[in-house]
Amino acid sequence: MRRSSDFLARLLEVQNTEVTNWDMRLVNASYEWVERHMTFQPTVRGFQAAVRAALLEANVTPWNGFTVDHVAGTKVSATTFDASGRRHSAADLLAFARPSRLRVATRATVTRIITNPIDPAARHGRSPQPTIAAIGVVYQDRLLDQHQALLRPGGEVILSAGALGSPQLLLLSGIGPASDLSYLGIPVSADLPDVGKHMFDNPRNGISIIPSVPIDHSLIQVVGIPSANGAASYLEAASYIVPLAPALRSAGPFIGSSSPLYVTVATIMEKVPGPLSEGSLWLSSTNPLESPPLRFNYLSRPEDLARCVLGVRRVAQVLEGRALDGFRSPVGSDNRRAAVRRDFRIVGMALPVEWRTDDRALANYCQQTVATLWHYHGGCVAGKVVDRDFRVIGTRALRVVDASTFSETPGTNPQATVLMMGRYVGLKMIERHSGRPVIPS
């Protein structure tokens with residue numbers, strides 16, 4: 001989903017440089033290009049339609065209909081699934097490339113960036129002056145054989161390995177905190193203390209139910225945005241199949257020893273925007289195939305915890321709405337004359353009884369049930385590791401273009417912004433090489 005231009009201006013406005021109208025025009029044109037080629041308007045029905053009505057009933061207003069913009073209220077957002085159910089991805093955008101200029105290596109894992117020191121007499125241009133230049137990468141194939149891919153004159157290495165992969169690759173290449181690199185025996189190419197620092201992930205807390213009636217399986221379509229400026233948690237919902245209990249053992253000779261029990265679960269969740277709580281990523285090994293340790297420190301800042309409390313309370317208010325009554329299950333009673341009470345069958349930790357008034361109990365609930373929304377970002381933050389053109393500070397011919405450059409995530413999902421960045425940076429590079437402005441199409 002697209003975010004307002006405020007986020008983009010903050011991302012580009014590092015090192016006290018002004019964001020021009022032309023920059024923002026290029027940003028918006030890049031958004032529109034991505035949306036035109038790989039997003040669709042979903043057909044909202046079933047559980048998602050009920051959630052839409054429940055959000056409005058809980059006063060998450062106004063109703064904004066279908067829009068890709070980040071606006072306060074309840075809306076339907078774009079999806080990457082087309083009408084036939086086929087999912088579209090960034091790979092689809094390769095269809096608009098020039099095949100003669102593109103080589104794609106599959107099952108190839110980049111393990112290191114190759115850099116050379118720059119002769120002090122040849123340093124010029126940006127401040128601070130670049131001290132090293134990227135000249136290519138080392139990668140290994142599925143058989144673990146090593147290969148090199150070297151730049152042509154005027155070429156660049158562009159990292160898009162994500163918030164976990166990009167800082168890891170910089171560190172493995174000797175670009176990062178000098179003391180940490182030296183401890184692991186990695187030769188220091190550029191001392192950049194903030195590589196791997198300022199890592200973020202948006203906390204997610206949800207209330208999951210087993211609905212009383214069969215429901216369709218749906219990813220997030222309807223979004224509740226109580227405040228467009230990021231002051232309140234975003235509200236979303238999904239339904240999916242999960243294994244709920246271990247299987248009973250079978251006595252049959254041709255049946256497996258256990259059969260999983262699958263149920264449909266519906267979840268209404270809140271996502272803390274920002275967030276302010278930050279962690280870090282570091283290397284524990286020089287093996288590029290070993291995942292680096294990291295810590296996000298979820299809800300460690302009181303502001304994030306306070307937003308979670310309000311967000312979970314709002315989720316509970318949504319569940320109380322009449323629009324979701326059809327998903328409640330009858331609660332058994334031995335007294336046939338008594339009215340049958342209906343309630344939600346909660347999966348996992350139940351809400352505190354006094355959720356309406358007990359902030360402390362809700363805060364404990366937030367801390368006990370926090371989970372990831374897989375919106376990892378940071379580690380190569382703009383203004384600390386990369387400049388406003390996403391070039392790694394102190395280097396030449398090396399950029400990072402992915403969510404590792406974010407210090408916050410835009411809107412309820414960063415996917416559109418990450419894809420936009422690829423288009424935007426590509427057009428800016430064409431401008432630089434051609435010497436004239438690119439006309440967005």
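Student: Which residues of α8 do Trp-22, Trp-33 and the other listed residues of α2 meet?

Tutor: This is a predicted model, in which local features need pLDDT of at least 70, side-chain atom pairs count only at pLDDT 80 or more, and totals for chains, interfaces and linings use all residues. Residues are numbered from 1 along each chain as its sequence is written, and side-chain values use heavy atoms, with hydrogens and water left out. Helices (H or I, at least four residues) and strands (E, at least two) are DSSP runs numbered from the N terminus, and contact means heavy atoms within 4.5 Å. From α2, Trp-22, Asp-23, Leu-26, Val-27, Ser-30, Tyr-31, Trp-33, Val-34 and Met-38 meet Gln-415, Ala-416, Thr-417, Leu-419, Met-420, Arg-423, Tyr-424, Leu-427, Lys-428 and Glu-431 in α8.

Student: Why is α2 called oblique to α8?

Tutor: Axes are lines fitted to C-alpha atoms, for helices over the stretch in contact, and angles run from 0 to 180 degrees between N-to-C directions. The axes of α2 and α8 (residues 415–434) come within 8 Å and cross at roughly 125 degrees. Angles under 35 degrees count as roughly parallel, over 145 as roughly antiparallel, 65 to 115 as roughly perpendicular and the rest as oblique. So α2 and α8 are oblique.

Student: Which residue has its charged end over the ring of Trp-33?

Tutor: A charge sits over a ring if NZ of Lys or CZ of Arg is within 6 Å of the ring centre and within 35 degrees of the ring normal. Here the charged end lies 4.1 Å from the centre of the Trp-33 ring. The residue that provides this charged end is Arg-423.

Student: Why is the pair of Trp-33 and Phe-96 edge-to-face?

Tutor: Rings of Phe, Tyr and Trp (its six-membered ring) pair if their centres lie within 6.5 Å; planes under 30 degrees apart count as stacked, over 60 as edge-to-face and the rest as tilted. By this rule there are four aromatic pairs. In the pair of Trp-33 and Phe-96, the ring centres are 5.7 Å apart and the planes stand at 70 degrees, so the pair is edge-to-face.

Student: How many residues apart in sequence are the parts that this pair ties together?

Tutor: Trp-33 belongs to α2 (residues 21–38), whereas Phe-96 is in the loop between β2 (73–76) and β3 (109–117). The pair therefore ties together parts whose separation in sequence is 63 residues.

Student: Is Trp-33 buried or exposed?

Tutor: Buried means under 20% relative accessible area, exposed over 50%, and partly exposed in between (1.4 Å probe, protein chains only). Phe-96, at 47%, is partly exposed. Trp-33 has 11% relative accessibility, so Trp-33 is buried.

Student: What is phi of Leu-299, roughly?

Tutor: Leu-299 lies in the loop between β15 (294–295) and α6 (302–320), and its relative accessible area of 6% makes it buried. Leu-299 is not a glycine, yet its phi is positive, at about 60 degrees.
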